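Please read each point with the structure in view.

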2 protein chains.
Amino acid sequence: MSEARTRRRTRGGGGAARRAERSAVRIETAKYIERNIPNFEILNEEALEIIEANAETVLAEIGVNFVNNPAALERWREAGAEIEGERVRIPRGLARKLCETAPASFTQHARNPERNVVIGGRNLVLAPVYGPPFVRDLEGGRRYATMEDFRNFVKLGYMSKWLHHSGGTVCEPTDVPVNKRHLDMLHAHMTLSDKPFMGSVTEPSRAQDSVEMCEILFGKEFVQQNTVMTSLTNINSPLTFDDVMMGALEVYAKNNQACIVSPFIVGGAMAPVSVAGTLTQVLAEVLAGVAYSQLIRPGAPVIFGAFVTSIDMNSGAPTFGTPEASQILYGAGQLARRLGLPFRSGGGLCGSKLPDAQAAYETANTLNAALLGGVNFILHACGWLEGGLVSSYEKFVMDADQLGVLHKLAQGVTVDEDAQAMGAIAEVGPGGHYLGCAHTQANFKSAFWRSDLLDYKPFETWSEEGARDTQALAAERVKHLLATYEQPALDPAIAEALDDYVARKKASMEDAFV
Amino acid sequence: MSEARTRRRTRGGGGAARRAERSAVRIETAKYIERNIPNFEILNEEALEIIEANAETVLAEIGVNFVNNPAALERWREAGAEIEGERVRIPRGLARKLCETAPASFTQHARNPERNVVIGGRNLVLAPVYGPPFVRDLEGGRRYATMEDFRNFVKLGYMSKWLHHSGGTVCEPTDVPVNKRHLDMLHAHMTLSDKPFMGSVTEPSRAQDSVEMCEILFGKEFVQQNTVMTSLTNINSPLTFDDVMMGALEVYAKNNQACIVSPFIVGGAMAPVSVAGTLTQVLAEVLAGVAYSQLIRPGAPVIFGAFVTSIDMNSGAPTFGTPEASQILYGAGQLARRLGLPFRSGGGLCGSKLPDAQAAYETANTLNAALLGGVNFILHACGWLEGGLVSSYEKFVMDADQLGVLHKLAQGVTVDEDAQAMGAIAEVGPGGHYLGCAHTQANFKSAFWRSDLLDYKPFETWSEEGARDTQALAAERVKHLLATYEQPALDPAIAEALDDYVARKKASMEDAFV
């Protein structure tokens with residue numbers, strides 16, 4: 001496959017493309033995380049079996065609704081489900097059986113093959129915040145997001161060492177008509193970054209546009225043979241699959257592109273108030289959604305998603321970084337692994353209005369649970385603020401820095417002869433110190449993860465330099481990154497074709513703002 | 001035992017005491033955490049066996065130093081160790097054999113029996129910050145700690161629902177002469193709180209004073225039969241046991257009081273730069289220290305401690321909340337469990353100068369690891385700032401609030417019929433919502449943990465109320481708690497006897513300031 005791509009590129013680009021590629025600044029990006037540590041499993045075998053049996057009962061006796069989607073109902077009928085109006089009742093075992101054709105892991109290709117990610121198995125791929133209509137930064141405060149903000153976040157993602165994925169709607173560019181946004185957003189991901197990205201799901205036609213733009217970027221044949229997009233198709237919990245999201249899923253599955261089939265649940269409102277009840281509903285919903293994707297195209301790549309918040313019983317606000325959210329994440333991870341599917345959950349989730357201590361406690365609680373809970377794809381890994389209403393510039397780089405912690409922790413503990421360090425212990429002996437010994441000198445550089453952002457200075461130095469808090473340090477880093485950003489090289493012929501596609505599509509549409 | 005205590009109290013106090021107890025404000029304190037979730041185990045069996053074998057090699061071939069302590073050397077010689085100068089070489093298996101008499105878990109009694117804690121097993125007991133010479137708050141900034149600060153932190157600890165323990169040196173009262181501080185500190189813990197507390201370790205004589213003050217508070221016989229103090233005896237890593245700490249340990253072990261035998265390690269400086277090497281040294285040191293406690297008094301309660309930081313390779317500063325620190329915590333927990341000892345590690349550790357996002361990321365990383373790593377006693381669970389140089393008023397209440405997350409997460413997932421919520425899922429059905437259904441109404445109050453501090457309000461309300469960050473909210477909470485604090489009732493005869501003891505002791509000493 002990579003050979004085919006090389007050929008295509010060379011054909012398409014010629015001398016100018018090769019020169020552009022040679023002169024490009026190389027950005028350091030860590031490989032996706034390959035865990036060498038166990039998963040944390042909160043549910044025992046009995047609990048898992050109860051939840052799985054209950055999910056089958058939900059599908060068989062209560063069923064799910066596929067709304068405004070006669071073709072879906074027909075597909076389900078042919079597969080053996082019982083249809084009544086828009087209700088689909090799925091006999092015990094059928095959905096799980098259909099899920100068997102979905103791959104346990106798959107490669108999402110990036111235009112730079114070094115940035116390809118393998119989603120599934122013991123891996124963890126990190127993608128930034130998705131969806132906020134607002135942005136916030138230290139100087140400008142909170143305001144509606146624009147396309148300029150969108151481009152800035154794509155640039156920050158491209159320059160973030162621990163981020164493997166450019167994401168999708170890193171913020172909503174509210175200054176672009178709703179029906180044209182996806183074109184500009186995809187164009188930004190394709191041209192300002194060389195990391196993998198996500199397709200549009202807000203209309204089936206926009207999913208189709210996403211596929212067509214990828215055909216320009218990767219070549220038509222390559223797209224049919226490989227997965228080059230992941231997309232977020234939310235379920236309308238409880239138990240409802242709307243025609244917009246399912247329409248997008250149909251487009252992606254047909255084209256062998258990946259979908260995250262993800263219940264979106266505010267606990268106690270869209271699912272039962274208990275962890276076990278919520279997990280039952282999540283599993284039933286994902287079983288139905290993934291099975292449906294396999295009815296469209298057996299073998300289409302899908303991800304078991306679970307976005308579940310807790311709720312503040314006083315105000316009804318969704319809450320993040322809470323113990324119940326972690327319990328659901330751990331449990332859903334176990335259910336996904338038993339189903340043999342890649343798992344999406346977690347993120348830098350928080351309810352705070354500011355990138356302050358609340359934001360960091362809640363984010364760290366969620367990120368740690370996601371690493372230990374076996375998550376394969378974290379959406380919202382950085383930059384998420386105010387319950388997802390805001391993309392925060394400062395929090396983007398703060399969280400992105402913390403993602404380095406996950407990388408190192410996931411490596412596990414080496415216990416080879418060098419790591420045992422028996423020679424060093426003997427050399428130093430009681431009362432000595434290790435800083436100068438040969439073992440320390442030889443291993444010092446790789447021994448400890450180091451933040452590129454946080455403050456490790458002595459109090460006096462820190463005071464003299466202005467006694468800045470993390471937000472202030474992050475604001476400085478944002479400025480530095482955006483000022484030094486350089487666009488990754490792209491074959492000019494492809495760039496021109498993308499420009500042309502976007503211009504043509506936009507010209508064919510009236511502006512729509514809802 | 002509790003019956004004996006009741007008798008003693010009634011005898012000592014009489015009518016005035018009973019009246020005082022009746023009129024006391026009751027503060028809600030959660031029971032210590034009894035985990036219903038598994039431990040996270042980062043090392044496999046082979047790695048554990050290598051580290052254990054290497055630790056035995058360290059003890060047998062390199063040995064440990066017991067400094068300025070001829071009696072200790074003599075005890076070790078009698079036990080079968082090889083002595084050369086101050087070096088003690090312990091034959092393979094001897095230290096582990098001696099550790100067998102140490103209890104796997106023990107009860108530390110509080111003067112209020114409802115506050116007793118059981119340290120060991122699957123339990124987790126939370127104690128506040130220990131040791132900082134400075135304090136910081138939003139209004140006053142950073143300054144030397146005083147006895148007034150000390151009393152304030154004891155009050156905050158007493159009023160913190162999720163804190164089970166009053167701790168020890170919650171800050172260093174630098175306005176009290178060094179040789180008299182322990183008297184005022186213990187007096188504060190004994191009179192301003194009714195939670196369990198820690199004894200002094202800065203001189204063997206101060207450990208003896210701690211025992212004597214406990215004899216006043218609990219009764220002499222009760223103290224000999226029960227553990228009423230835990231104390232922190234640090235090892236001078238690498239492999240060195242000084243006479244001050246060991247002198248204190250000797251006093252406590254003789255009196256059946258608990259010691260945390262805890263290496264204090266800045267990684268790469270006081271231990272090898274690798275995780276496996278550090279774990280080897282930690283295990284060797286704890287084996288030697290705990291074995292020594294059992295030479296003093298077989299069965300004396302001890303805790304396997306591990307305080308290990310990482311280091312910033314640029315500045316040499318200790319760093320916290322890092323992946324290496326978590327790996328060492330997880331590994332040390334496994335080693336402690338295989339040794340059958342309670343385990344102390346973790347805490348609200350951070351290097352930040354302010355209670356900002358850095359502080360919270362690092363703290364949450366550490367607290368999550370401590371919960372999942374099977375820690376039984378967390379010292380520094382709240383209030384620790386700037387690498388332990390500062391006790392922060394705001395961070396104390398911020399961290400103390402987050403400790404609630406650990407309580408709920410540790411409960412695990414209930415999967416009984418009510419939690420399965422199958423009736424609710426059927427009742428609500430596709431497209432409905434759960435807020436009004438009977439199952440939600442019946443379970444809502446206990447379903448979700450709720451912060452008493454963090455902001456869950458809508459953006460508009462939050463803005464109108466001053467757009468405060470977590471630090472500002474915490475400052476308000478500190479003021480509220482200190483303003484509404486009420487001293488727990490204490491038998492006036494005991495209170496008088498404690499006052500008298502402190503006054504007498506102080507009068508017998510010249511002031512010392514180093």
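1. The expected span of a helix is 1.5 Å times one less than its number of residues. The model is predicted, and helix α10 of chain B, residues 275-296, can be checked against this rule.

2. Is the helix α10(B) enclosed or open? Of its 22 residues, 21 are buried, which means that α10(B) is largely enclosed by the rest of the structure.

3. Side chains of opposite charge can pair when their charged atoms come close. Over all chains, the structure holds 58 salt bridges. One of them joins K505(B) and D209(B), at 3.1 Å from N to O. Because K505(B) lies in helix α19 and D209(B) in helix α7, the pair ties together parts that are 296 residues apart in sequence. K505(B) is partly exposed at 24% relative accessibility, whereas D209(B) is buried at 7%.

4. A salt bridge also links K457(B) and E465(B), whose closest N and O atoms are 2.7 Å apart. K457(B) is partly exposed at 36% relative accessibility, and E465(B) is partly exposed at 37%.

5. D500(B) and R504(B) form a salt bridge with closest N and O atoms 3.6 Å apart. Both residues lie in helix α19 of chain B, four residues apart, or about one turn of the helix. In chain A, salt bridges with shared partners join E45(A), E52(A), E56(A), R96(A) and R338(A) into one network.

Terms used:
Residues numbered from 1 in each chain as written. Chains lettered and ligands numbered in written order. Predicted model: local features only at pLDDT ≥ 70, side-chain atom pairs only at ≥ 80, totals over all residues. Heavy atoms only, no water. Helix = DSSP H or I, 4+ residues; strand = E, 2+ residues; numbered from the N terminus. Buried < 20%, exposed > 50% of the residue type's maximum accessible area, 1.4 Å probe, protein only. Salt bridge = Lys/Arg side-chain N within 4 Å of Asp/Glu carboxyl O.
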